[in-house]
Amino acid sequence: MEFAFALHLSPKIINMLTYLRSGLLAALQSFPKDARHYQISFLLIFLFTGIFSLKWPIDPPQIFLTFLVALGVQSFGIYFLKLPISSLKSSFISSLSLCLLFRCDQYIIIGLAAFISIASKFIFRAQDKHFFNPANIGICATMLFTGQGWISPGQWGSDGLWLFVVGILGFLVVTKANRLELAISFLVGYGGAQIIRMYFYQGWPADALTHLFTNGALLLFTFFMITDPASTPKHKTVRIIWALAVGLLAFYLQTYKWVNGSPIWALFLLSPLTPLLDYLFKGEKFHWTKPIHDTSSSQLFAKTRDYHPSIK
Amino acid sequence: MKNILLISVLVLMTTLQADAFCGFYVARADAKLFNKTSQVILVRNGERTTITMSSDFQGNVKDFAMVIPVPTVLQREDIRVVNRSIFDQFDAYSGPRLVEYHDQAPCNRYLYDDVVMSKTTTAKNAAAEMSTREEADEYKVAVIARYTVDEYDIEILSAKESDGLERWLNDHGYKIPDGAREVLEPYIKSNMKFFVVKVNLEEQQRLGNQLLRPIQISFNSPKFMLPIRLGMANGEGNQDMIIYAFSQKGRVETTNYRTVQMPTDKNVPTFVKDYFGQFYTSLYKENIRKEGYNNVYLEYAWDLSGQNQVKCDPCPSAPPLYAEIAESGVNWLQTNRGNGYTGQLYFTRLHVTYNRNDFPQDLVFQETSNRAQFQCRYILNHPAQYVENCAEWANYQDEKIQSRRKELRELASLTGWDVRRYRDYPNYFQGYRAPQPRGQRTGWIEEPTIPNNKNISPKPKIMSTPPDKIETAQINPIEISDSITTISQAEFIIDEEKESKREETKIPFAMIALTAITGLFLIHRIKS
């Protein structure tokens, strides 16, 4: 703030700047407190990469429509079901996931997918939580019911770069949300089965496997979709087994049923098990944000006041 | 032993149970075969796939044979021999196209013209002959079926182990490249059958076909893929493949590789008209250099449904007729008299340049519901005819110079050509008036002067693509104007550059990534 005084600004402006500064500080300090902040920033990076570098066939109105519908439905929920405002972050993530994964050339279908995504959170609930990953059910249900839209597992290409970037960023998010075991056990189930079949049984060369595991879509699913802490089983061991099952089912669907984007369908098929597993095995309910005491706004304000010369 | 050379080409595939089915050309004797551009028609209807394969087999007709892994034992009626002309027809219809427009003179009405030119990748053809065949038990290879379909003799083999199959092929006069065994193994493990296609010389003479006609196979399988790995068995080199895909639903794209649209709707300098073949070849090379070598490129996508009246816009050739579409295996359309039809049909043209390192997996496809249309279209804008005493001409000239500069920049970025040699291009058009000091205005440049021949030859600046990365496509004969001569392919100097370095960086990079992730995981464990 010293420069503000040096400029001889009026006290009003200085006050405004002080508030602005404290607001920014609060935002910065609360950023690491919620894994969703990481997720939003990383997914945004991926979306920009896709649009500007990989030239996906997605136009701005589609993105805008997805966000409009998803955030709109969520606002409804906030208003009528008295949900916390911060739940908007979750639907922001769902919209980003839809933009990243779901492709369609018809606006109405895109709107429908966004609607199903968020509405599913209010409809498919058991034991005080939703059990479908919103983006996942949005994609699968839309494709099932309308026959329109598609997933492009190839849109990312296969590159070691993806393993690196998505792996590292995903790792940050997943450890933040304490769901690393989900990512790992899914990879063990899916990847293990693929390695055994392709490498040891069929004798494919190693680079065919590298090609498989550096696929951007698979990594994105591993670190950003199946690891959703809100909709997966609460009990840790159960979670590990469940993710293994998703991996194996994805392997089965892809290898024997020739389903494209099989991990997404496997997750869709096994999500309804979550309430049952939660009923059988109790666990802690997940909270996106831990209760915060040390950075309450009053303290922040107290700190910022130190800068005021009159107090000094 | 007959010395048989195995030439890899496109490998085609059908699928049923397990993995890919692919094919490779096999030649007898030491014929030097050249097999670079192959063309495939894929028709997908539900779980029924029809694949028609054509290759520009060039070599002694007697030295031709093809081994194709298939997922199932094909019945006699699943195998057809079709007319080669459908490939040429689809190629001409869907190739990249050049459109030219003539500006209207600022003060006068002029004719508006629209000429279309397209670049086709004509594939050449040759014929072949086949060898004798015996059955052999000790190879663990069984001949399941034998058919003679027109000029081809077809045997369907089932193998238990790759060693046996390799010995069987060797002992029956096919020389298998060293890498073939590893490539065969995954297909055998997936219970694929192999069929060997040979030319029956007597039948061929009786039918009077000098050229090898494409073979078409159909099968039911959820898999929708094209095995290319077997074709790369003998290692080095790049092969080009053009895929024409028909589907009811919409665009076809690859699921394990990126499908990237080629640049389109670009304004390019008018002299490109005379070099359109070279232009597109350079553009394609430059584009795969920018976008990546391990991608599949979309060149054309159009709704060919019966009710869609606009089957192309502009049309470089007549849109495919019912007979041609039916010949390629599309069986769900209803025809009304003549060449009209009703029913849903979507056409996709994909172009892929593949080699062993960039394409470790076979091509897997999916039908999407995307019915958006796409074409590779490049635009020429001819300046208007000069009109005297036209007040608007000065403005027009300024705009034209700007837009022609832009065209040159576009050309440079699209093709990687060094356009400094064309720096006269923006100013040289009819009616151009050179800005001159006051009092010295003498007149116009009457003739449309175009830089001399030497200046205009499009020598690419940098080409990191190896020369065989893309087979230079043939160009349709184009009228050559007096002032410009075309350049020969020999003038295309391509710098061979460190292509191989790029390949090697891939796997270490993946390893670094794995190590980093593992490290992070360990740190996380220790902390908690």
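## A hairpin in chain B

In chain B, strand β9 (residues 141-149) and strand β10 (residues 152-159) pair in the antiparallel sense over eight bridges, where pairing requires that DSSP finds at least two bridges between two strands. Helices (H or I, at least four residues) and strands (E, at least two) are DSSP runs, numbered from the N terminus. Within this pair, B:V143 stands opposite B:L157 of β10(B), and in the hairpin, which has two residues between the strands, B:D150 takes a positive phi near 50°.

The model is predicted, and local features need pLDDT of at least 70, side-chain atom pairs count only at pLDDT 80 or more, and totals for chains, interfaces and linings use all residues. Residues are numbered from 1 along each chain as its sequence is written, while chains are lettered from A and ligands numbered from 1 in the order in which they are written.

## Chain B as a whole

Chain B holds nine helices and 24 strands, and of its 528 residues 47% count as buried, a residue being buried if 20 or more other C-beta atoms lie within 10 Å of its own, exposed if 12 or fewer, and partly exposed in between, with C-beta atoms placed from the backbone. Among contacts in chain B between residues at least 6 apart in sequence, 83% join residues at least 24 apart; two residues are in contact if their C-beta atoms, placed from the backbone, lie within 7 Å.

An open sheet of three strands in chain B runs in the order β13-β22-β15 with antiparallel pairing, and its edge strands, β13 (225-226) and β15 (252-254), each pair on one side only. Between β15(B) and strand β22 (residues 363-367) of chain B there are three bridges in the antiparallel sense, with B:E253 opposite B:Q366.

## Nonpolar cores

The largest nonpolar core has 79 residues, of which B:V40, B:L165, B:F194, B:F195, B:V197 and B:I243 touch the most other members; such a core is a set of buried Ala, Val, Leu, Ile, Met, Phe, Trp, Tyr and Cys residues joined through C-beta atoms within 7 Å. Strand β14 (residues 239-247) of chain B gives the most to this core, with six residues. Apart from it lies another core, of 66 residues, including A:L43, A:I58, A:A70 and A:F213.

## Where the chains meet

In chain B, 37 residues are in contact with 35 residues of chain A. On the side of chain B that touches chain A, α3 (180-189), β15, β16 (258-261) and α9 (499-527) each supply at least two residues, and α9(B) gives the most, with ten.

A:D105 is found in the loop between β1 (102-103) and α6 (107-123) of chain A. Leaving aside neighbours within four places in sequence, A:D105 is in contact with B:N370, B:R371 and B:A372. Why does A:D105 count as buried? A:D105 is buried because 20 other C-beta atoms lie within 10 Å.

## A helix pair in chain A

The axes of helix α9 (residues 180-201) and helix α12 (residues 236-256) of chain A come within 7 Å and cross at roughly 35°, where axes are lines fitted to C-alpha atoms, for helices over the stretch in contact, and angles run from 0 to 180 degrees between N-to-C directions. The contact includes A:F186 and A:Y190 of α9(A) and A:I240 and A:F251 of α12(A).
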